[in-house]
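Student: I've got this one open on my screen. Can you walk me through it?

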Number of protein chains: 2
Amino acid sequence: MNEKQALGAFAALSQETRLRIVRLLVTTGPQGLAAGAIGEAMDGAASSRMSFHLSHLEQAGLVESRREGRSIIYSAALPALAGLVEFLMRDCCQGHPEVCSPAVAALSSCCEPAKGAVHV
Amino acid sequence: MNEKQALGAFAALSQETRLRIVRLLVTTGPQGLAAGAIGEAMDGAASSRMSFHLSHLEQAGLVESRREGRSIIYSAALPALAGLVEFLMRDCCQGHPEVCSPAVAALSSCCEPAKGAVHV
DNA sequence: CCTATAATTCAATAACTCTTGAATAATTGG
DNA sequence: CCAATTATTCAAGAGTTATTGAATTATAGG
């Protein structure tokens, strides 16, 4: 992740419809969702509008697409999201981990719903 | 962190000068930097331009300010950054931690420069 | 092959954002 | 109190971005 990519990613995430799409696809995982299904989830937004935002997100590297029959399936690009987070917080501690550990805890909690659960 | 706040934060981060300011302040920590010093670090940008971007960042909740003599000192709002990351990645695993653990690892690494080092 | 379905592309318009330079406000030292 | 320093506010103009509706492309089924 470099500055240019990060700027593109943040710009993509700064639009309401696109942020909702990414958050929806983050919960959907690698399986993804068809463009039409995403449009329905976005208050039935016009398909041209969906295409605009989906291609914007793909251009930014935050989602990936594949064709399945007549549908195009979109899914979140988790490694890109991880890279973005890392880029933003790089060198946040300067030897003082307590300064940025809240961010680590916030993110870790997303993967550890049960106390003392799986650790990868 | 709600959707509105997240949109504001991402919009703030999607501008080159502002992203650089945040990354600079993230490395500076709670100590922060005076507005003028930040301006110098940004290729000597005009002060009105700095004020515009700094107040944009403060409005978005990503930085905080305090007066010290004639200077206004800006510092990163680490908890807000942590909240933003958590909001973006919320419910990313759905019981499958391996899906989002790269993001956790990326962020954790920022706080653990030395292998087996401090764990807070 | 023809129709229906699923999605993208395009052009025009409306809305928003950034930069610049000049003016203003707050603080300190002499 | 006056001048210098530090920073913010404001208005205008240039550039960028999102929405809409119509036209186009790709695939599947009868």
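Tutor: A word on labels to begin with. Helices here are DSSP runs of H or I with at least four residues, strands are runs of E with at least two, and both are numbered from the N terminus. Also, this is a predicted model.

Student: OK. Which element gives the largest share of the surface near DNA strand D?

Tutor: H4(B) does, with seven residues.

Student: And how many residues surround DNA strand D altogether?

Tutor: 23 residues. The closest are Ser48(A), Gly36(B), Ser48(B), Ser51(B) and Ser71(B).

Student: Now DNA strand C. Which residues come nearest?

Tutor: Ala34(A), Gly36(A), Ser48(A), Ser51(A) and Ser48(B), out of 24 residues around DNA strand C. H4(A) gives the most to that surface, with seven residues. Helix H3 (35–41), H4 and strand S3 (71–76) of chain A, as well as H4 of chain B, each supply at least two.

Student: And by class, what is in the surface near DNA strand C?

Tutor: Nine nonpolar, 11 polar and four charged residues.

Student: Let's back up to the fold. How many helices and strands in chain A?

Tutor: Six helices and three strands. Reading from the N terminus, the order is α-α-β-α-α-β-β-α-α. Chain A has 120 residues, and buried residues make up 37% of them. Take contacts in chain A between residues at least 6 apart in sequence: 54% of these join residues at least 24 apart.

Student: How many residues of chain A are in contact with chain B?

Tutor: 42 residues of chain A, meeting 43 residues of chain B. Helices H1 (3–13), H2 (16–28), H5 (78–89) and H6 (101–111) of chain A each put at least two residues on that side. The chain A side divides into 28 nonpolar, eight polar and six charged residues.

Student: What rotation superposes chain A on chain B?

Tutor: A rotation of 180°, with 0.0 Å of shift along the axis and an RMSD of 0.0 Å. That is the relation of a two-fold axis. In chain A, Phe10(A) has the C-alpha nearest the axis, 2.6 Å from it.

Student: Why can you say the copies meet through the same surface?

Tutor: Because 100% of the interface residues of chain A are also interface residues in chain B.

Student: What about the largest nonpolar core? Which residues there touch the most other members?

Tutor: Leu81(A), Ala103(A), Leu81(B) and Ala103(B), in a core of 68 residues. Leaving out residues up to four places away in sequence, Leu81(A) touches Leu62(A) and Ala76(A), plus Leu88(B), Met89(B) and Ala103(B).

Student: Which residues of H5(B) are buried?

Tutor: Leu78(B), Leu81(B), Ala82(B), Gly83(B), Leu84(B), Val85(B), Leu88(B) and Met89(B). Helix H5 of chain B has 12 residues. From first C-alpha to last it reaches 17 Å, close to the 16 Å expected at 1.5 Å a residue.

Student: And what comes just after H5(B)?

Tutor: Asp91(B), which takes a positive phi of about 60°. Most residues other than glycine have a negative phi.

Student: Where does Asp91(A) sit?

Tutor: In the loop between H5 and H6 of chain A. Phi of Asp91(A) is positive too, near 60°. Asp91(A) has 14 other C-beta atoms within 10 Å, so it counts as partly exposed.

Student: Is Asp43(A) buried or exposed?

Tutor: Exposed, because it has 8 other C-beta atoms within 10 Å and the cut-off is 12 or fewer. Asp43(A) lies in the loop between H3 and H4 of chain A. Its phi is positive, about 55°, although it is not a glycine.

Student: Last one. What is Ala80(A) in contact with, leaving aside its neighbours within four places in sequence?

Tutor: Gly61(A) and Leu62(A). Ala80(A) is in helix H5 of chain A. It counts as partly exposed, because it has 19 C-beta neighbours inside 10 Å and buried takes 20 or more. Asp91(A) is 11 residues from Ala80(A) along the chain, and their C-alpha atoms are separated by 19 Å.

Technical notes. Residues are numbered from 1 along each chain as its sequence is written. Chains are lettered from A and ligands numbered from 1 in the order in which they are written. This is a predicted model: local features need pLDDT of at least 70, side-chain atom pairs count only at pLDDT 80 or more; totals for chains, interfaces and linings use all residues. A residue is near a molecule or strand if its C-beta atom, placed from the backbone, lies within 6 Å of it. Two residues are in contact if their C-beta atoms, placed from the backbone, lie within 7 Å. Ala, Val, Leu, Ile, Met, Phe, Trp, Tyr, Cys and Pro count as nonpolar, Asp, Glu, Lys and Arg as charged, and the others, Gly among them, as polar. Copies are superposed by least squares on the C-alpha atoms of residues with pLDDT of at least 70 in both. A nonpolar core is a set of buried Ala, Val, Leu, Ile, Met, Phe, Trp, Tyr and Cys residues joined through C-beta atoms within 7 Å. The expected span of a helix is 1.5 Å times one less than its number of residues.
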